[in-house]
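Trainee: Please pick one part of this model and take me through it closely. I would like to know what pairs with it and what lies around it.

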Amino acid sequence: MSRTSYDRYLTVFSPEGRLYQVEYAFKAISGSGHTAVAVRGKDTSVVITQRKVPDKLLDASTVTHLFSITPTIGCVMTGLMADSRAQVARARAEAAEFRYKYGYEITPDALARRLANINQVYTQRAAMRPLGISMILIGIDAELGPQCFKLDPAGYFVGFHATAAGQKQQEAMNHLEKKWKKLDSGRGADDAAAAGKTLSRDEVIEMAIESMSTVHATDYKPGEIEIGIVSTSDDEDSKVRGVWRTMSEAEIEKHLLAYAEKD
């Protein structure tokens, strides 16, 4: 059997112990042409991604990679958009069922675990195919504060202080790692969690913008990126404090100017 024979079946391992169909799902993410970045600070989690409108006749307000799942949890999806919408619909259903069953909102880690379990089943049964998407979930946990989790098509999920997904994932991760090491007077490498606690709301947003701008070597305009945020910071408007929301273009412009002036 050649490699081509092994990659026809989702459930058959190759002699090297690889599942080619699952690996191809990861290729769908990196080949999507999008990059998403997430950063978590003391009281804020932020996700940022590019907004590409492929056709002048499209209504730009309907093109988005950011989705709300519960009032306090949102996500950014990278990869195939049709798969993304299916995953988001399932996430909303799972969150609603949890709320109905237990009487309180699902926590970000419980939702991430549940969706990762579903993704894992898709790698095991021939009836389904893995979804060609990477989901970065952010939200506020009542006990633990801001959270950030990344899920992949293999069913693996893990929490992050800062992460990236998509085309320029590795470059963005390297950049974030360098920035993190400099935090807390250069002690970021020794204690990443403590270093993250030093980041204010504005610093988290500007670090995310800097990562996107650096890896793409582009100065973004407000209409070219979208930012989702959950924050319990006092800088956040009291009406939306602790709630997932997407930033308006005017607000994005304010942060882009602050980043440009910092340079």
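Mentor: Strands here are DSSP E runs of at least two residues, helices are H or I runs of at least four, and both are numbered from the N terminus. The model is predicted: local features need pLDDT of at least 70, side-chain atom pairs need 80 or more, and totals for chains, interfaces and linings use all residues. Residues count from 1 along each chain as its sequence is written, and side-chain values use heavy atoms, without hydrogens or water.

β1 and β2 run antiparallel and share five bridges. Strands count as paired when DSSP finds at least two bridges between them. The link from β1 to β2 is a hairpin of three residues. Beyond β2 comes a loop to β3 (66–70), and P54 sits in that loop. P54 counts as exposed because its relative accessibility is 71%. Exposed means over 50% relative accessible area, buried under 20%, and partly exposed in between, with a 1.4 Å probe and protein chains only.

Now β8. β1 pairs with β8 too, again antiparallel and over five bridges.

Next, burial. Six of the six residues of β1 are buried, so the rest of the structure largely encloses the strand. Both faces are covered. T35, V37 and V39 lie on one side, with A36, A38 and R40 on the other.

An α-helix has 3.6 residues a turn, so residues three or four places apart point the same way.

Last, the length of α5. Its 18 residues, 169–186, should span 26 Å at 1.5 Å a residue. The expected span is 1.5 Å times one less than the number of residues. The end C-alpha atoms of α5 are 24 Å apart, which agrees.
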